[in-house]
Amino acid sequence: MAAAEHKHPSYMAIFWYLAILTVLELIVVFMPFGKLTNNVLLGALAVTKAALVAMYFMHLRFEAKTLGWIAVTPLAIATLLVFVLLPDGFAVMKKTEAGSKPAAAAAPAPAKH
Amino acid sequence: MSAATVHSAIEPAETPLTPESWGKLGMWVFLVGDAVGFGVLLAGYGAMRTTSGDWPNPYAVLGINLTALMTFLLICSSVTMVKGLEWLGKGDRTRAVQYLFFTALGGAIFVSLQAYEWTHLIHRGLHINQNPWGATLFGTSFFLVTGFHGLHVTGGVIYLLSMIRYVANRPDPAASYNAVEILGLYWHFVDLVWIMVFTFLYLF
């Protein structure tokens with residue numbers, strides 16, 4: 001039976017890992033590392049937690065390797081999507097900067113008169 | 001040649017990816033598609049946020065105490081889910097049903113807390129089309145992403161309750177093992193997505 005085929009990981013150990021990683025996330029939020037470092041750390045912690053859930057709770061570690069590749073495909077697609085959206089983001093940022101510069105330059109001008 | 005023989009000649013009895021059942025592969029395929037859906041939502045959220053000049057600080061507006069508790073609750077419900085499956089594998093149907101019930105209860109409390117959070121935020125002025133803190137899309141994306149996830153949890157609770165009935169109606173625990181394992185895949189996926197939503201929407 002399928003039940004016998006699964007090697008059972010220690011689910012309680014995974015639970016404690018997830019709980020500790022969540023506490024770590026809450027600690028990182030309050031650390032004065034700077035926005036970028038904080039976000040990189042938080043992202044890494046979230047991916048680790050998600051990987052633990054997928055590997056052990058969803059038993060991906062004990063499944064065929066091909067299934068694992070299928071499961072990570074959305075991650076690759078989402079990453080690609082970020083790069084697709086980035087150029088548009090930069091374009092909007094440039095426009096916003098270009099739009100705000102003359103206004104900022106024009107603002108002190110009336111004060112001279 | 002009987003109809004059954006013809007059928008097995010067309011469709012192999014086992015998939016090499018998930019030898020237990022085709023249903024399990026079906027759930028994986030569904031989850032991969034659903035993950036693309038959430039991936040698109042989160043990537044879109046990131047794009048809107050980076051290009052916005054007046055995106056409010058999510059931590060200051062939303063707060064994280066309640067959502068941290070909700071995160072912990074979903075992790076706990078994932079543990080009760082695997083424990084339920086484990087008991088079913090050992091042949092203890094009563095314990096399995098108990099743990100599945102705890103899982104459904106965890107999901108129901110999660111959705112209730114989310115309803116409480118939404119009500120609280122709406123009273124403070126966070127709406128889908130406006131808010132007093134800055135970019136309108138902040139409220140839009142918040143309700144869209146958390147709402148889409150909340151719908152998944154609600155669907156999961158209904159799925160869990162119907163599977164409790166399914167297990168209870170089958171005297172042989174082995175007869176429902178595969179169906180409960182498939183249910184577990186869905187439930188853990190909902191937990192996994194929340195881990196991402198919590199990080200990107202509340203902590204970033």
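Which residue forms a salt bridge with K83(B)? Select E86(B) to find the partner: the closest N and O atoms are 3.4 Å apart. Keep in mind that this is a predicted model. Both K83(B) and E86(B) sit in helix 4 of chain B, three residues apart, which is about one turn of the helix. K83(B) counts as partly exposed because its relative accessibility is 21%, whereas E86(B), at 12%, is buried.

Stay in helix 4 of chain B, which covers residues 65–89, and select S78(B). Its relative accessible area is 0%, so S78(B) is buried. Beyond its neighbours within four places in sequence, S78(B) touches F57(A), W187(B), H188(B) and D191(B). Show the side chain of D191(B) as well: a polar contact of 2.9 Å joins it to that of S78(B).

Next, select E63(A) and K24(B), which form a salt bridge with their closest N and O atoms 2.6 Å apart. E63(A) is in the loop between helix 3 and helix 4 of chain A, while K24(B) is in helix 2 of chain B, so this pair joins two chains.

E181(B) is buried, at 4% relative accessible area, and K24(B) is buried at 1%.

Technical notes:
Residues are numbered from 1 along each chain as its sequence is written. Chains are lettered from A and ligands numbered from 1 in the order in which they are written. This is a predicted model: local features need pLDDT of at least 70, side-chain atom pairs count only at pLDDT 80 or more; totals for chains, interfaces and linings use all residues. Side-chain values use heavy atoms; hydrogens and water are left out. Helices (H or I, at least four residues) and strands (E, at least two) are DSSP runs, numbered from the N terminus. Buried means under 20% relative accessible area, exposed over 50%, partly exposed in between (1.4 Å probe, protein chains only). Contact means heavy atoms within 4.5 Å. A polar contact is a pair of N or O atoms within 3.5 Å; within protein, one must be able to donate a hydrogen and the other to accept it, and residues adjacent in sequence count only if both atoms are side-chain atoms. A salt bridge is a side-chain nitrogen of Lys or Arg within 4 Å of a carboxyl oxygen of Asp or Glu.
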